[in-house]
There are 4 protein chains.
Amino acid sequence: MNETTPPSVSASSPSPAPAGGTLGVAVVGLGATTSTLLAGLSLIRQGKNEAVGSLTEMGEIDGVAIRDIVSLAELADLEFMAWDPYATNALEAARHARVLEGPMLDLVADDLAAVVARPAAFDQSWVSRLENTDNVISADTKMEQAEALIADLEDFKSRCDRVVVLWSASTEAYRPTSAAHLSPAAFELGLKENDPMIAPSQIYAYAAIRAGVGYINGSPNVSSEVPALLELADLNQVPLVGKDYKTGQTLMKTIVAPGIRSRRLGINGWFSTNILGNRDGEVLDDPENFRSKEVTKLGVLEDLLKPEEHPELYGDISHMVRINYYPPKGDDKEGWDQIDLFGWLGYPMQLKINFLCRDSILAAPVMLDLILFTDLAARAGLSGIQDWLSFYVKEPLVPAGSTPIHALADQEAMLFDALTEMRSA
Amino acid sequence: MNETTPPSVSASSPSPAPAGGTLGVAVVGLGATTSTLLAGLSLIRQGKNEAVGSLTEMGEIDGVAIRDIVSLAELADLEFMAWDPYATNALEAARHARVLEGPMLDLVADDLAAVVARPAAFDQSWVSRLENTDNVISADTKMEQAEALIADLEDFKSRCDRVVVLWSASTEAYRPTSAAHLSPAAFELGLKENDPMIAPSQIYAYAAIRAGVGYINGSPNVSSEVPALLELADLNQVPLVGKDYKTGQTLMKTIVAPGIRSRRLGINGWFSTNILGNRDGEVLDDPENFRSKEVTKLGVLEDLLKPEEHPELYGDISHMVRINYYPPKGDDKEGWDQIDLFGWLGYPMQLKINFLCRDSILAAPVMLDLILFTDLAARAGLSGIQDWLSFYVKEPLVPAGSTPIHALADQEAMLFDALTEMRSA
Amino acid sequence: MNETTPPSVSASSPSPAPAGGTLGVAVVGLGATTSTLLAGLSLIRQGKNEAVGSLTEMGEIDGVAIRDIVSLAELADLEFMAWDPYATNALEAARHARVLEGPMLDLVADDLAAVVARPAAFDQSWVSRLENTDNVISADTKMEQAEALIADLEDFKSRCDRVVVLWSASTEAYRPTSAAHLSPAAFELGLKENDPMIAPSQIYAYAAIRAGVGYINGSPNVSSEVPALLELADLNQVPLVGKDYKTGQTLMKTIVAPGIRSRRLGINGWFSTNILGNRDGEVLDDPENFRSKEVTKLGVLEDLLKPEEHPELYGDISHMVRINYYPPKGDDKEGWDQIDLFGWLGYPMQLKINFLCRDSILAAPVMLDLILFTDLAARAGLSGIQDWLSFYVKEPLVPAGSTPIHALADQEAMLFDALTEMRSA
Amino acid sequence: MNETTPPSVSASSPSPAPAGGTLGVAVVGLGATTSTLLAGLSLIRQGKNEAVGSLTEMGEIDGVAIRDIVSLAELADLEFMAWDPYATNALEAARHARVLEGPMLDLVADDLAAVVARPAAFDQSWVSRLENTDNVISADTKMEQAEALIADLEDFKSRCDRVVVLWSASTEAYRPTSAAHLSPAAFELGLKENDPMIAPSQIYAYAAIRAGVGYINGSPNVSSEVPALLELADLNQVPLVGKDYKTGQTLMKTIVAPGIRSRRLGINGWFSTNILGNRDGEVLDDPENFRSKEVTKLGVLEDLLKPEEHPELYGDISHMVRINYYPPKGDDKEGWDQIDLFGWLGYPMQLKINFLCRDSILAAPVMLDLILFTDLAARAGLSGIQDWLSFYVKEPLVPAGSTPIHALADQEAMLFDALTEMRSA
């Protein structure tokens with residue numbers, strides 16, 4: 001805890017503009033997470049539920065509500081639009097996700113039906129398991145796709161006071177950074193020439209940056225963190241947040257591993273397996289897409305345990321992460337962790353953690369907080385990577401030269417320090 | 001994390017004397033934990049093992065080893081004596097505990113055989129399951145027992161440069177604080193008149209205080225924290241530390257619950273069951289003795305979750321703790337926790353934690369750290385309750401008016417702050 | 001498997017009368033299990049569900065459906081009445097149990113509302129946790145209670161072709177067999193003189209026997225198996241079935257333990273803990289009532305493992321059963337079993353079983369089968385204890401001198417043998 | 001249970017010759033399982049251990065010890081030889097397996113050191129993870145390898161009264177049956193021409209058959225069950241037994257699944273994951289070799305549940321089996337099964353089984369029983385596939401046209417019937 005790098009926000013001493021007016025939220029992906037977020041917001045606005053899991057609604061620092069420390073958009077002032085490669089709306093998505101049923105779903109039906117999927121920038125080569133899409137932007141080049149998204153955003157901006165873009169769609173295949181990602185010029189040339197290394201998520205990030213609005217990456221995709229987009233974001237003064245919502249097993253890892261390390265108990269192995277049955281699971285069943293996720297998930301332990309400081313305790317860990325598409329779970333998710341510890345005298349011990357959770361339920365409040373805090377960052381004039389929001393993500397993006405912070409308690413401290421610094425005058 | 005009270009050490013800005021010379025450790029109880037500590041120290045001194053689980057040996061603050069921040073007794077300078085109501089020695093205790101076997105046990109046999117149990121102050125009415133004791137101080141009054149212990153300590157002090165007393169024996173029956181505990185005079189009268197409300201552990205604490213040496217309570221006994229002994233400790237400038245080593249299930253609770261709360265996930269229930277087969281389990285199988293443990297264990301969650309701040313999330317928790325004496329486990333211990341969570345939309349989720357651990361293995365490094373840090377406190381002139389050592393205990397003793405800190409990360413921060421403040425000039 | 005005693009049915013070579021006409025089912029207790037049974041039957045009759053878990057509906061022997069082997073009452077021909085100490089009906093009970101919700105509940109609402117609780121023979125001294133009852137037979141003596149029940153049954157018989165009585169109410173306090181239980185005369189005297197040792201469940205059994213209808217005991221109560229009632233049942237040619245539905249943890253025990261024994265793996269310990277939150281759990285939270293359950297549950301392993309044949313494998317088992325009332329579970333139930341095994345070279349191994357189940361869901365098809373098979377027994381002229389139905393119960397009642405069969409596979413063989421023998425001509 | 005096919009042994013009414021003299025056991029593979037078997041036998045012969053897990057030593061039928069029903073070789077009369085591609089002996093193998101340690105290992109050291117690996121028929125293309133072998137038969141053709149093995153067996157036969165061959169080595173890569181497997185002539189031509197489709201395990205089976213001794217297949221390899229070898233075995237009157245020792249997760253499956261089916265509870269999914277760290281795990285980490293195992297393991301559920309009889313209960317199961325090489329486990333093995341059930345009203349329930357076991361400990365008594373029973377079969381004049389030994393294997397070989405029996409209770413019944421039929425006159 002003592003070793004957190006000071007958050008990057010501290011240098012600028014920002015003083016954010018107040019949050020009046022409407023905040024437009026443009027979501028990529030109209031599936032279980034997005035519809036669960038919308039259903040919850042509808043019920044909360046009706047006074048029929050509470051924003052469990054959200055710090056913007058339920059958090060406090062030293063007893064003072066976070067909303068009383070910084071000015072945040074009101075839930076009633078949020079406006080949503082969404083892109084999806086299938087012609088659907090949020091009500092259909094909620095029915096399919098089966099989080100809400102019966103009378104509860106009726107209560108939110110109108111609100112959800114109003115959010116209709118706009119045609120998406122989509123390329124099946126990045127998500128081979130998504131077939132028969134019927135709601136894709138028709139365009140000859142990736143640049144034309146980007147222009148269509150920018151037009152959508154400009155239209156949305158004309159109807160809202162401020163806008164943020166949130167990626168909450170499927171994980172793309174893992175492909176390394178290429179030449180097209182190295183500079184704005186190369187990237188824009190790549191868009192025009194349909195460079196196959198440019199991912200749809202990068203087109204969305206580019207569109208958001210061009211439209212001058214913040215971009216949040218809720219998946220493990222390599223997206224806004226390529227040099228070309230980082231440079232553009234700085235030029236356009238756009239905040240970037242990511243990546244990959246920290247929800248189930250990794251959330252537990254960043255809670256438990258720091259405690260084991262605090263006590264200097266040794267670790268021989270950490271075996272993590274997941275079973276999940278939703279579209280996310282189906283997409284990750286493809287090894288190419290799983291690769292993106294695995295990179296994100298495997299890095300966490302190394303950063304948390306710092307084996308270089310204690311090779312005798314953490315220098316030889318078998319860390320395995322498995323994700324299994326297992327249809328009986330539906331949108332539910334289950335993680336099983338087997339942790340092989342050793343203590344005094346090298347004595348072996350075992351810790352087993354079984355987490356029966358639900359992706360969309362854990363993701364929804366994270367999405368809400370990231371939306372409101374990214375809007376806050378924009379109002380505070382912060383641009384580029386916002387590592388003070390590491391609390392919410394599996395693989396925190398950090399400025400070049402920094403090390404990501406993974407321990408949840410340290411991430412919370414960093415978040416609270418940043419908010420305190422942005423305290424409304 | 002943001003809400004830790006500043007540790008009580010900060011006011012005094014102590015500058016501890018260096019740790020040269022021998023440190024005598026007088027242990028109450030020569031069972032599995034004590035013999036495991038001794039076996040490990042012997043192997044470490046022989047270069048055949050490492051002090052896994054110990055911060056005094058393996059800890060660092062901002063990359064600087066704790067031993068380079070404060071002056072601590074060398075492991076080679078520790079001398080041990082022990083009291084036990086059974087005529088035994090540490091080698092026999094180790095054989096019975098079966099932590100080490102075969103050739104490894106041979107390596108430490110001589111060191112362990114040298115620690116022979118001295119007659120103990122013992123009263124079966126406080127630990128009904130311990131029968132046929134054969135090594136008990138013969139005395140007419142509790143005061144005579146105390147004088148015998150003090151004589152042991154004075155003799156030990158004459159052979160060592162400094163001394164600390166460590167309770168690592170069985171949990172006593174739970175009895176409330178009574179008139180005899182309210183002032184030094186009442187307590188000493190009670191000792192002379194054999195007041196049945198004075199527990200053996202209180203006699204040890206009294207003896208330590210009278211002998212002017214620090215007292216560490218590794219069990220849930222109501223011991224040095226009664227007003228009479230607190231007042232005497234202040235008068236005699238003796239540090240008091242406790243209580244109840246934080247080892248298995250409660251350790252996990254203080255790691256996991258703060259993470260759940262950080263994310264504002266709700267909790268409906270937390271069911272904790274334990275199975276263990278050693279003498280500790282047998283003693284706790286007696287409802288009177290279990291009561292002491294239960295009081296300690298149940299308080300933790302309430303302090304961690306602060307339901308008064310979030311009654312909608314933590315106001316209605318079924319928290320149950322069960323301890324079962326189950327001989328097949330031997331000295332191994334197994335905890336099973338079932339945690340009923342709820343998230344966004346009130347959706348129920350479950351977290352299950354199964355910890356296969358070993359009491360003595362987890363306790364030994366805690367004992368070592370508490371011994372060395374209590375000695376440090378004494379050299380720093382600190383007296384009374386040492387809450388900066390909360391990191392190691394289930395139920396931290398705190399000065400009147402303070403609230404105990406339970407979250408492991410906050411306890412670590414408090415420990416590191418205190419050590420930094422005691423930094424050797 | 002080779003050691004099953006031939007079922008007692010075999011001697012009589014019965015040839016049951018066909019099952020035409022209506023079968024009246026008089027249920028003691030209108031709670032979660034009864035309402036779940038009724039809701040399921042209603043949906044099945046509507047073609048909207050299947051009788052999952054029921055052999056009378058889904059079972060076959062050598063490929064022939066059981067219904068084609070023996071003549072069983074049709075589901076459409078079942079008529080229900082119920083007694084309960086609270087003024088309620090099956091719809092209210094279903095709402096409280098929360099098994100069905102929303103539109104599904106609407107589909108069965110009329111059927112359920114029609115089953116209204118008749119006043120019950122009730123005595124709080126046997127179930128201290130049930131307070132504020134408002135629907136109790138008003139009578140001066142237990143004999144008057146019995147007469148009221150008999151009148152109910154005679155009335156029911158006048159409306160149905162045949163009748164069975166099924167106890168599906170709370171577990172009573174454990175009290176040993178007393179003088180009043182030893183002969184019909186003593187029992188009837190006891191009823192008249194309000195002997196405190198006569199339990200309500202025994203009054204129901206007596207009433208059923210007097211009315212000449214079969215009696216099924218779904219709880220661990222000491223009920224129809226006392227000598228007085230056994231003798232009366234023989235006189236009145238009434239079949240008796242019991243006891244205690246085999247549903248969660250014990251079901252698993254009778255599946256798993258025989259397999260371990262078949263392989264001659266040794267067992268050092270079997271620790272079973274249960275958490276459940278319904279009225280059943282609340283009642284069992286009282287040590288007196290838990291005692292009834294514990295007696296039932298502990299006997300199973302001894303019978304299954306036959307330690308006298310293999311003392312070296314099963315002669316020294318720590319078998320513990322814990323039941324915990326834990327409200328967050330509601331009507332859900334969760335068992336956790338820790339089984340300490342040993343194999344070749346005495347090497348220790350562990351098997352851990354975690355069963356997340358639901359009492360009423362597992363009980364309902366057992367109730368259905370027991371109702372239909374008890375009716376079959378009556379039509380076949382079988383009277384007294386029906387041990388061929390051991391498959392369904394935790395503690396099979398057996399004729400004097402017989403040993404109960406617990407292994408599920410052996411119970412199934414015994415059931416199939418009996419049915420084959422009763423094959424319709 | 002009612003549906004077992006009569007075991008193939010019944011037709012022949014064999015009357016086995018008595019078991020006097022020495023029984024030579026030629027084992028393929030000198031690793032953890034073989035050395036654990038040998039260590040146990042040594043300790044048992046010294047009276048220092050018991051044959052836990054073995055029916056030949058600890059089993060009885062209707063109270064009569066199996067050894068008193070059929071004549072079996074005495075443990076003192078077993079002689080061992082072994083082939084292994086690494087130059088080792090059983091003592092080294094036991095040290096590496098770390099089942100026995102310290103003084104216990106000393107007790108068996110001489111016996112184990114005496115079993116020295118003879119050069120093996122080995123081909124790395126079938127087990128790519130086994131590198132740097134140093135003890136391989138030097139030969140130009142597979143036929144020459146076979147001849148070398150036959151010479152070993154003839155030599156062994158000259159020193160023993162009877163001989164059996166037991167494959168207890170690594171799982172080979174999965175390759176389908178090819179032309180070379182279809183007739184003895186084609187097979188022998190293939191051996192001479194080094195047909196790449198002929199596996200080493202098939203060469204061992206061929207050698208055993210040619211030498212006229214029984215062959216037991218303890219792995220999932222496609223081995224003696226190809227038409228060519230079946231025909232040869234019939235010609236040479238050799239019994240064949242297999243395949244794949246039923247030890248951990250599959251053993252539990254064949255205990256638990258029949259119980260679930262007996263109760264007609266539905267199954268939506270069964271997810272099985274394994275972690276193991278020994279050479280077996282390493283070999284199975286290769287997808288080609290895992291394929292052999294997966295074929296074996298996946299078939300079990302389908303055979304057990306007979307979805308064609310109950311498509312509404314078992315027609316749509318997600319059955320997944322994962323095996324993970326996870327070094328921290330060493331020779332220990334851990335299975336985690338997540339079973340998604342449904343009951344009355346379609347209500348979902350979950351069963352989770354966590355088995356902490358050890359491959360070699362579970363395999364050793366299975367090996368012993370298979371050795372003694374295969375010898376019995378040979379003495380009884382039984383040849384070809386011995387399906388009455390299905391009790392011990394994951395994928396029972398059965399005569400053409402038969403269906404394998406998987407339920408442990410049914411397999412036990414079949415075993416006991418066969419033994420009863422072979423009862424010594």
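Chain A is divided into domain 1 (8–245 + 360–421) and domain 2 (249–358), with bounds that come from an automatic or database domain assignment. This is a predicted model, in which local features need pLDDT of at least 70, side-chain atom pairs count only at pLDDT 80 or more, and totals for chains, interfaces and linings use all residues. Residues are numbered from 1 along each chain as its sequence is written, while chains are lettered from A and ligands numbered from 1 in the order in which they are written.

The centres of domain 1 of chain A and domain 2 of chain A, taken over C-alpha atoms, are 26 Å apart. Their contact involves 28 residues from domain 1 of chain A and 28 residues from domain 2 of chain A; two residues are in contact if their C-beta atoms, placed from the backbone, lie within 7 Å. On the domain 1 side, α14 (359–379) and α15 (408–421) of chain A each supply at least two residues, and α14(A) gives the most, with three residues. Helices (H or I, at least four residues) and strands (E, at least two) are DSSP runs, numbered from the N terminus.

Between the chains, the contact takes 56 residues from chain A and 56 residues from chain B. Elements giving two or more residues to the chain A side include α1 (32–45), α10 (249–262) and β12 (348–358) of chain A. The largest contribution to that side is from β12(A), with ten residues.

β12(A) also pairs with strand β12 (residues 348–358) of chain B, in the antiparallel sense over seven bridges; pairing requires that DSSP finds at least two bridges between two strands. Lys352(A) stands opposite Asn354(B) in β12(B).
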